Amino acid sequence: MSDCIFCKIVQGEIPCKKVYEDDEVLAFDDIHPMAPVHVVIIPKSHISTLMDIDNKKIKIINNLIAAVQKVAVIKKIDASGFRTVINCNAEGGQVVFHLHVHVLGGRKLHDELG
Ligand code: 5GP
Ligand code: ZN
């Protein structure tokens with residue numbers, strides 16, 4: 001997707017502070033962190049929202065969750081704890097329409113959903 005900012009990050013056209021990468025996913029620090037640790041994990045292939053996941057694409061979710069665990073260890077929040085968030089569509093607060101998982105941690109997270 002030529003006009004997608006996360007595809008541009010995958011392609012190296014927009015810089016990022018990379019946290020973790022493998023063949024399937026890329027994880028980088030959020031540009032506007034909401035917590036001491038705030039990482040965004042994306043599939044390298046473009047998919048717009050969580051609603052575009054079907055049985056054929058479910059492997060993308062496996063890959064994202066595996067990366068969540070790796071990021072938690074890299075950021076040393078695996079034992080202390082963290083929150084994962086996937087925003088979907090307008091009322092879910094999705095701004096970037098390339099599926100992503102937020103990983104938030106490094107402080108006690110209160111009821112900040114919504
Ligand atoms: P959403 O609201 O779509 O779930 O979250 C999009 C997230 O992407 C936001 O937290 C925003 O700060 C982050 N973001 C948007 N543009 C960029 C960018 O160019 N670089 C980085 N590192 N994060 C971005
Ligand atoms: Zn994209």
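## Ligand 1 and the largest pocket

The largest pocket is the space taken by ligand 1, where a pocket is an open set of points on a 1 Å grid over the protein atoms alone, with protein on both sides within 12 Å along at least five of seven lines, and a molecule sits in one if more than half of its atoms lie within 2 Å of its grid points. This is a predicted model, in which local features need pLDDT of at least 70 and side-chain atom pairs count only at pLDDT 80 or more, while totals for chains, interfaces and linings use all residues. Residues are numbered from 1 along each chain, ligands are numbered from 1 in the order in which they are written, and side-chain values use heavy atoms, with hydrogens and water left out.

Around ligand 1 stand 15 residues, of which D30, N87, V95, H100 and H102 are the closest; a residue counts here if one of its heavy atoms lies within 4 Å. By class, this shell holds seven nonpolar, six polar and two charged residues, with Asp, Glu, Lys and Arg counted as charged and Gly among the polar ones.

A polar side-chain atom of H100 lies 2.7 Å from an oxygen atom of ligand 1, the side chain of N87 places an N or O atom 2.8 Å from a ligand oxygen, and V96 contributes a backbone N or O atom at 2.9 Å from an oxygen atom of ligand 1. Taken alone, ligand 1 exposes 520 Å², and the protein buries 83% of that, by the Shrake-Rupley method with a 1.4 Å probe.

The largest pocket itself has about 740 Å³ of space, and among its 31 lining residues D30, H32, H38, V40 and H102 are the closest to its centre.

Conventions
Polar contact = N/O pair within 3.5 Å; in protein donor to acceptor, adjacent residues only side chain to side chain. 1 Å grid on protein atoms, 1.4 Å probe; cavity = no way out; pocket = protein on both sides within 12 Å on 5 of 7 lines; lining within 4 Å. Points joined across faces, edges and corners; volume = space filled by probe spheres on them.
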